[in-house]
Amino acid sequence: MTVNMKRCAAGHHYDPGKHSSCPYCGVAAIDITATKPAGRPGFPQGEGEVTLPAGGLPPGAKEGKEREEGITVGYYRQAIGIDPVVGWLVCIEGPDRGRDYRLHSEKNFAGRSEKMDICIRGDDAISRENHAVISFNPRNSSFKLQPGDGRGLVYLNGDDLDVPMTLKPYDLIELGQTKLLFMPFCGEKFQWEIKEEEA
């Protein structure tokens, strides 16, 4: 399987099918400082470094809400121009123990494939695609877990899951041999602001 990787202006490689912008550089609109690549073995120190303009956009990047033709645009990306993190899953048991996975608004598909939003590579008991779906509804700030169309079962707090169920902080999700702890970011105490002129 071939994955088309994109290189950001700062030199990072990422999958544009999973991320709307470089996940390593952060998002300029929320004032996260961009990173610069360190020298790699076989390359001179700092090779490939790019100085970003004051606004933080890489050279050639378009400002505003311009859309790529044929790409489905999520609620937040359409409203505020970015698809920000709304929560996380943290692997507490399994081959990827200690790794975290960012959740974005609307549907996040989990499986072993690189195409999945939540790619859990090391667990062969997880279906390649759509083992489970974790969704965030930005209209009412709720998270849900539902089984996908893969062969394996999905467990929520030890019980097998047949229908979509609401997720609460620290809920335990089991896929194959992997246990994931759910941590919301958006909810009662925080919601990404949508300005009136953006809505």
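Start by selecting strand β13, which gives the most to the lining of the second largest pocket, with three residues. Strands here are DSSP runs of E, at least two residues long, numbered from the N terminus. A pocket is an open set of points on a 1 Å grid over the protein atoms alone, where a 1.4 Å probe fits, with protein on both sides within 12 Å along at least five of seven lines; lining residues have an atom within 4 Å of a point.

Before you click on: this is a predicted model, where local features need pLDDT of at least 70 and side-chain atom pairs pLDDT 80 or more, while totals for chains, interfaces and linings use all residues. Numbering runs from 1 along each chain as its sequence is written, and side-chain values use heavy atoms, leaving out hydrogens and water.

Next, show the pocket lining, 16 residues, with Pro 169, Pro 184, Cys 186, Gly 187 and Glu 188 nearest the centre. β8 and β13 are the elements that give two or more residues to this lining.

Now pick Phe 143 in β8 (residues 142-147) and Phe 182 in β13 (residues 178-184); their pairing ties together parts 39 residues apart in sequence. The ring centres are 4.9 Å apart with planes at 65°, so call this pair edge-to-face (centres within 6.5 Å, planes over 60 degrees apart). Phe 143 is buried at 4% relative accessibility, and Phe 182 is buried at 0% (buried means under 20% relative accessible area, exposed over 50%, partly exposed in between, with a 1.4 Å probe and protein chains only).

Last stop: Phe 190 and Trp 192, also edge-to-face, at 5.2 Å and 85°. Phe 190 is partly exposed at 31%, whereas Trp 192 is buried at 14%.

How values were computed
Rings of Phe, Tyr and Trp (its six-membered ring) pair if their centres lie within 6.5 Å; planes under 30 degrees apart count as stacked, over 60 as edge-to-face and the rest as tilted. Helices (H or I, at least four residues) and strands (E, at least two) are DSSP runs, numbered from the N terminus.
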